[in-house]
Amino acid sequence: QVQLVESGGGLVLAGASLRLSCAASGRTFSKYAMGWFRRAPGMEREFVAAISWSGGSTLYADSVKGRFTISRDNAKDTVYLQMNSLKPEDTAVYYCAAKGTYHNEYVAGISQDDYDSWGQGTQVTVSS
């Protein structure tokens with residue numbers, strides 16, 4: 001498994017932007033499809049976005065489509081989540097996750113069970 005550490009969370013006003021980062025270490029990062037999930041207070045963890053090993057294929061939850069962008073830099077072993085036009089309902093702990101793959105364009109699914117490794121999460125709070 002790969003070790004994942006998220007950063008970049010914080011407290012912002014509605015309409016602001018944040019960029020989350022997820023740094024990977026351990027096994028070769030570039031052989032993992034990656035995803036972002038979030039857990040709001042009192043809610044179950046839900047899918048946010050996913051990206052293939054190549055970065056060429058992505059998948060988004062409808063609630064964030066057009067506002068969030070997932071990307072990765074394999075040279076830096078890091079995946080990003082650019083979050084724009086943040087809303088109070090985006091308040092949650094954000095987690096990154098990894099799924100080992102042999103395929104460049106494989107995008108792991110929206111289920112938590114699709115992923116092998118998880119980070120500890122970073123808190124994002126959006127105030128109105």
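At 40% relative accessibility, S85 counts as partly exposed, a label for values between buried (under 20% relative accessible area) and exposed (over 50%), computed with a 1.4 Å probe on protein chains only. This is a predicted model, where local features need pLDDT of at least 70 and side-chain atom pairs count only at pLDDT 80 or more, while totals for chains, interfaces and linings use all residues. Residues are numbered from 1 along each chain as its sequence is written, and side-chain values use heavy atoms, with hydrogens and water left out.

Back to S85: the residue sits in the loop between β8 and β9 (92-100). Strands here are DSSP runs of E, at least two residues, and helices are runs of H or I, at least four, numbered from the N terminus. D77 is found in the loop between β7 (68-73) and β8 (78-83).

Now for the cysteines. A disulfide, taken as a pair of cysteine sulfur atoms within 2.5 Å, turns up once by that rule. C22 and C96 make the pair, with an S to S distance of 1.9 Å. The link ties together distant parts of the chain, 74 residues apart, with C22 in strand β3 (residues 18-26) and C96 in strand β9.
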